[in-house]
Amino acid sequence: MRIRFAEQAAIGGLVMVLGACAPAQATPATQPRPAAPATQARADTGRPAPGPGAVSTPNADPFPSTYVAPASRATLIRDVTILTAAGPTIRNGSVLLRDGKIAAVGTTVAAPADAEVIDGRGKYVTPGVIDDHSHLGVYAAPGGDALSDGNELTNPVTANVWAEHSVWPQDPQFPRALASGVTTAQILPGSGNLIGGRSVVLKMVPSATVQGMKFPGAKYGLKMACGENPKRVYANRGPSTRMGNVAGYRAAWIQAEAYRRRWDKWTADHQGDAPQRDLGLETLAEVLRGNILVHNHCYRADEMAQMIDIAKEFGYKIRSFHHGVEAYKIADRLAKEGISASLWSDWGGFKMEAMDGVRANLAMVSAAGARAIVHSDDPSGMQRLNQDAAKAMAAGEQIGIHTTEDEAIKWLTINPAWALGLDDRIGSIEVGKNADVVLWSADPFSVYARVDRVWIDGAAAYDRANPATWWRTDFELGNVPLPNGGAK
Amino acid sequence: MKTGTGNRERGTVRRRSVVFIAALATVLVTTKAAVAQTVAITGGKVYPVSGPPIENGTVLVRNGTIVAVGANVAVPNGATRIDATGKWVTPGLINVLTGLGVTEIGAVPNTVDRAARGDSGIAASFPVWEGINPASTMFAPARNEGITSVVVVPTGGLIAGQAALIDLVPGTVTDMIDKAPVAMVAQFGDARSGGSNARGEQYVRLKELIEDARTYSRRRAEFDRAQTRPFAARRADLEALIPVVEGRLPLMVNADRASDIEAVLRLAREVNVKVIIAGGAESWEVADKLAAANVPVVVGSMANIPESFAALGSRQDTPALLQRARAKVVLIANGSGGEEVFNVRNLKYDAGVAVAYGMSWDDALRAITLTPAEVMGVANRVGSLQAGRDANIVVWSGDPFEFATRVEHVFIRGREVAQPSRQDELMQRYRTFPPAYRRKP
């Protein structure tokens, strides 16, 4: 009947899915860019200077975010249970959102006189939910070829493509994610390729352009994929085997390292003409410089271990293994390597490499000391990451692994924030963090909990009680029917 | 419980006696409870579904059948007692839209026996249950989370084939089958996948097919002598449609767009067949019509994405809206991720979400127990806790819809089944590091 998830779509040859990210140390995305000599005005000829695209510049930002947080009124949510993702639950607590930031949190919080005060009795506050694995916009609804823009299946290595160039801001899945508490999502290319391209981190806000949704200053991610998907897609031209896959990754990194050296040398000395720019190698070189994080779709434990070795061979880091249905088999290793695991609670069995999926995966990985993340890869699951976490908690309980709510809330907030390199800005209820906040009608780990309100950067983004304010995409106008034909 | 008589129903498999099946199954599987015995589940909060909840109730089971349910049931000497104090006791859950047993690994084609090739999109004769693999590893995860019966539903084409209701008992296919067929499965709206090119053409093809089956049923002797006009389908397919045209077998039609659902209702009236709507993304828009026609809707509570142009009106509160209009609602799992095979077990969470989105708790429980049993014509055997019903019973640690709730006991036809799934075995193996098989340094 219906094909709902990207992984299954992949099976039909369409391929969606994804995963992967990586590295590390290094140049913050916000650092000032080095001056690019080639772009200096050519006063001698009077012709316009070439744009910055003439050179390969670390942390270049040719499609900059135009997102600006809307003005917001100070908001105090009081007498509420707060799962902070930064410490123990605060009962009967209050949180103050002001000027886009969390201004105060605790059991007693003074609010400015003009603040909107919300009675949170019986309710819960959490940080905004973060999904580090989504295809919203690149596999937009309604489905079909016209909106299928997530897998550039023309070459096994397409490090040159950027997911943001496929994102349709009018995808009706965006407002549904927001209404379920998601405030930030990483949009990834699919998993049909060994290296699928750059991801983009978006805020769940209405905009006519993708630039208007981009999280300012967020690092890019690189999507890599192990296993069945690439070898199925390229069965006829190669790679057609897992060993072919590995040869493909290594060949790409060998080229990327040579490219990085060439450009880093030129950037340092400007000797001679600038090297030829190559979009794909540039992205890979940025990974090697630590400016782009690797998100690696990988199901099996043995393949994850091989990807870790490849990363060491070429000097980059894997930020997160995505899907990782066998992460629990090497949870100790993931903890040691500092690699997070972006997981489902209960997807499994739909293909050979997913056969060993277990519901306690998140709890087992978490208990072993690795960063566990609950991710979706699916526009429906994306709306219930809290429920997915609850399932994994319960499954863990059955095998004697107790996960507290204080730990489990991290799976959908601060841990994915870390995977995106944004844990200094979002992912927890702490003073100074962006005021991305969700008010739940009940304990979010209960099946009966609903999202009552969502704030992004302190601004009201969703209010369940006020349908007139709900974000409806352009697509939905006239297409998506309202109850009673929309009559009041 | 009879699905028909005579050789017209050669394809019909009827269940053997409970005692026989249970006895056979014990040979194959070790279970906690012996078969021919009396089991008393005592002290729990019992939800019979066919009646009001009973605090501190007892469910008494003998030889696979429920013999008494109530607050004052005497427990005979020698009965095996299951103390359900503080627990909740419900009928086993029934998921009517699954590929269990005919889909092992979706991406490994030779483990999938769910879609027939058919003839121009018509596979009415396809008995999907003949492909069920009782050794499937997918049964245990569902059973261990409270699913005791499922309908195995074929897919593809205009007429996909015949669905079967099975109990998740260990044993052979014959042991498992409760009733087959329980429905003829068709689809309307996605014309191109069924060998047609437009909705109107699909309508006419379905109509012609059913009319031809009716004609065929009256003129079989002439057909055998080649004295009839050509029919729209092969003999076996026409034969399989006879119970449908005679009103003994419902036609379960996958349809999402409101206008498609209306077309199915029109067709049902025009050719006089019983229909069930499955999928039903926009069924809430025609809830009154569905209620008036007494047509049940098989629907989930987690689909709110306008994922196709036929499903633009998808809403999470569809079950509540249907219920409010007094249409008959059967809940299925439709969240995400293999909900027709690996996550058949998630049915209870669809019920919970349906409650969060406005359905009453009692209605939601009914929509995964008694209502599906009624819709599939097996309510005289499963779906409720009352004397005379098969003892398909689940004991829960609390509210069955909540994530934190554990399944404590699953009884199917009176036998407790507690086989670990391979997922359970994997979790035990990797519960601590290093796993036992790794050689110690």
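Visitor: Why does A:A354 count as buried?

Guide: This is a predicted model, and every value here is computed from it. A:A354 has 0% relative accessibility, and buried means under 20%, so A:A354 counts as buried.

Visitor: Where in chain A does A:A354 lie, and what does A:A354 touch?

Guide: A:A354 is in the loop between strand 14 (340-343) and helix 8 (361-367) of chain A. Leaving out residues up to four places away in sequence, A:A354 touches A:Y299, A:V325, A:G348 and A:G349.

Visitor: What makes helix 4 of chain A and helix 5 of chain A roughly perpendicular?

Guide: The axes of helix 4 (residues 242-269) and helix 5 (residues 279-288) of chain A cross at roughly 80° and come within 8 Å. Angles of 65 to 115 degrees count as roughly perpendicular, and therefore this pair of helices in chain A gets that label.

Visitor: Which residues make that contact, and how do they divide by class?

Guide: Helix 4 of chain A supplies A:A252, A:W253, A:Q255, A:A256, A:E257, A:Y259 and A:R260. Helix 5 of chain A supplies A:L281, A:E282, A:L284, A:A285, A:V287 and A:L288. By class, the contact has 9 nonpolar, 1 polar and 3 charged residues.

Visitor: How do you know how helix 4 of chain B is oriented to helix 6 of chain B?

Guide: Helix 4 (residues 199-218) and helix 6 (residues 235-245) of chain B pack at about 90°, with their axes 8 Å apart. That angle falls within 65 to 115 degrees, so helix 4 of chain B is roughly perpendicular to helix 6 of chain B. From helix 4 of chain B, the contact includes B:L209, B:I210 and B:Y216; from helix 6 of chain B, the residues include B:L238, B:L241 and B:I242. The contact residues divide into 8 nonpolar, 1 polar and 4 charged.

Visitor: What radius of gyration would a compact globule with 441 residues have, and what does chain B have?

Guide: The globule value is near 22 Å and chain B has 22 Å, which agrees. Along the principal axes, the C-alpha atoms of chain B fill a box of roughly 65 × 60 × 45 Å. Of the 441 residues of chain B, 63% count as buried.

Visitor: How many helices and strands are there in chain B, and how many in chain A?

Guide: Chain B has 13 helices and 17 strands; chain A has 11 helices and 18 strands. In chain A, buried residues make up 60% of the 488 residues. Among contacts with a separation of 6 or more, residues 24 or more positions apart account for 72% in chain A and 66% in chain B.

Visitor: Which residues of the largest nonpolar core touch the most other members?

Guide: Of its 229 residues, they are A:M204, A:W253, A:Y316, A:W411, B:M252 and B:L290. Helix 7 (residues 258-271) of chain B gives the most to this core, with 8 residues. A second, separate core has 15 residues, including B:I41, B:V89, B:A391 and B:F411.

Visitor: What is A:M204 in contact with?

Guide: Beyond its neighbours within four places in sequence, the contacts of A:M204 include A:L136, A:F174, A:M382, A:I456 and A:W471.

Key: Residues are numbered from 1 along each chain as its sequence is written. Chains are lettered from A and ligands numbered from 1 in the order in which they are written. This is a predicted model: local features need pLDDT of at least 70, side-chain atom pairs count only at pLDDT 80 or more; totals for chains, interfaces and linings use all residues. Side-chain values use heavy atoms; hydrogens and water are left out. Axes are lines fitted to C-alpha atoms, for helices over the stretch in contact, and angles run from 0 to 180 degrees between N-to-C directions. Helices (H or I, at least four residues) and strands (E, at least two) are DSSP runs, numbered from the N terminus. Angles under 35 degrees count as roughly parallel, over 145 as roughly antiparallel, 65 to 115 as roughly perpendicular and the rest as oblique. Contact means heavy atoms within 4.5 Å. Ala, Val, Leu, Ile, Met, Phe, Trp, Tyr, Cys and Pro count as nonpolar, Asp, Glu, Lys and Arg as charged, and the others, Gly among them, as polar. Buried means under 20% relative accessible area, exposed over 50%, partly exposed in between (1.4 Å probe, protein chains only). A nonpolar core is a set of buried Ala, Val, Leu, Ile, Met, Phe, Trp, Tyr and Cys residues joined through side-chain atoms within 4.5 Å. The radius of gyration is taken over C-alpha atoms; the globule rule is 2.2 Å times the number of residues to the power 0.38.
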